[in-house]
Amino acid sequence: MVSQALECDKIYCPSGQVVTRHIADETILIPISGNLANMERLFTLNDSGASIWRLMDGKRSVQEILQDLIQEFDVAEDRLAGDMAEFIDQLRDLDLIAEHPV
Amino acid sequence: SNTNKKGKKSYQKPEVKAIVV
């Protein structure tokens with residue numbers, strides 16, 4: 001298994017092509033096209049994924065998010081860093097997040 | 001859907017699952 005490197009200094013924010021809805025303890029991401037929701041495909045996040053998503057506000061760096069999550073969840077930093085790198089790659093591949101210029 | 005003795009939530013690997021201005 002290849003361990004992915006976490007790019008700690010990068011800052012991400014939701015792309016302009018997705019809106020977030022919190023419904024009944026679920027975090028749902030809805031792709032939009034123009035001004036309309038694309039209802040053919042939605043995305044849901046689990047608890048830790050939703051926490052990362054909430055912290056991706058275009059202000060916090062990946063490193064800052066990592067530190068916040070270590071305070072929130074019972075997890076070792078190394079494991080969280082690897083999981084976060086993979087999760088961020090998934091979000092980027094799905095065009096759900098964009099890198100925020102520093 | 002959430003703590004251990006340290007007051008932290010139990011951890012699960014973050015996941016995005018593809019399947020509502």
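**Two chains and a helix crossing**

Colleague: Which hand has the crossing where α1(A) passes α2(A)?
Modeller: This is a predicted model. In it, α1(A) passes α2(A), and the crossing is right-handed.

Colleague: Why do α1(A) and α2(A) count as oblique, and not roughly antiparallel, to each other?
Modeller: Their axes come within 10 Å and cross at roughly 140°. Roughly antiparallel needs an angle over 145 degrees. The two helices are therefore oblique.

Colleague: Which residues of α2(A) make the contact with α1(A)?
Modeller: From α1(A) come A:S51, A:I52 and A:L55. By class, the residues of this contact are four nonpolar, one polar and two charged. On the α2(A) side they are A:I65, A:D68, A:L69 and A:E72.

Colleague: How many residues does chain A bring to the contact with chain B?
Modeller: Chain B gives 17 residues. On the side of chain A that touches chain B, 13 residues are nonpolar, five polar and seven charged. Chain A brings 25 residues.

Colleague: Which element gives the largest share of the side of chain A that touches chain B?
Modeller: The elements giving two or more residues are β3, β5, α1 and α3 of chain A. The largest share is five residues. It comes from α3(A).

Colleague: Which residue in β1(B) stands opposite A:F43?
Modeller: β5(A) covers residues 43–45. Three bridges join β5(A) to β1(B), and the strands run antiparallel. Opposite A:F43 stands B:A18.

Definitions and conventions: Residues are numbered from 1 along each chain as its sequence is written. Chains are lettered from A and ligands numbered from 1 in the order in which they are written. This is a predicted model: local features need pLDDT of at least 70, side-chain atom pairs count only at pLDDT 80 or more; totals for chains, interfaces and linings use all residues. Two residues are in contact if their C-beta atoms, placed from the backbone, lie within 7 Å. Helices (H or I, at least four residues) and strands (E, at least two) are DSSP runs, numbered from the N terminus. Ala, Val, Leu, Ile, Met, Phe, Trp, Tyr, Cys and Pro count as nonpolar, Asp, Glu, Lys and Arg as charged, and the others, Gly among them, as polar. Two strands pair if DSSP finds at least two bridges between them. Axes are lines fitted to C-alpha atoms, for helices over the stretch in contact, and angles run from 0 to 180 degrees between N-to-C directions. Angles under 35 degrees count as roughly parallel, over 145 as roughly antiparallel, 65 to 115 as roughly perpendicular and the rest as oblique. A crossing is left-handed if the near helix is turned anticlockwise from the far one by less than a right angle, and right-handed if clockwise.
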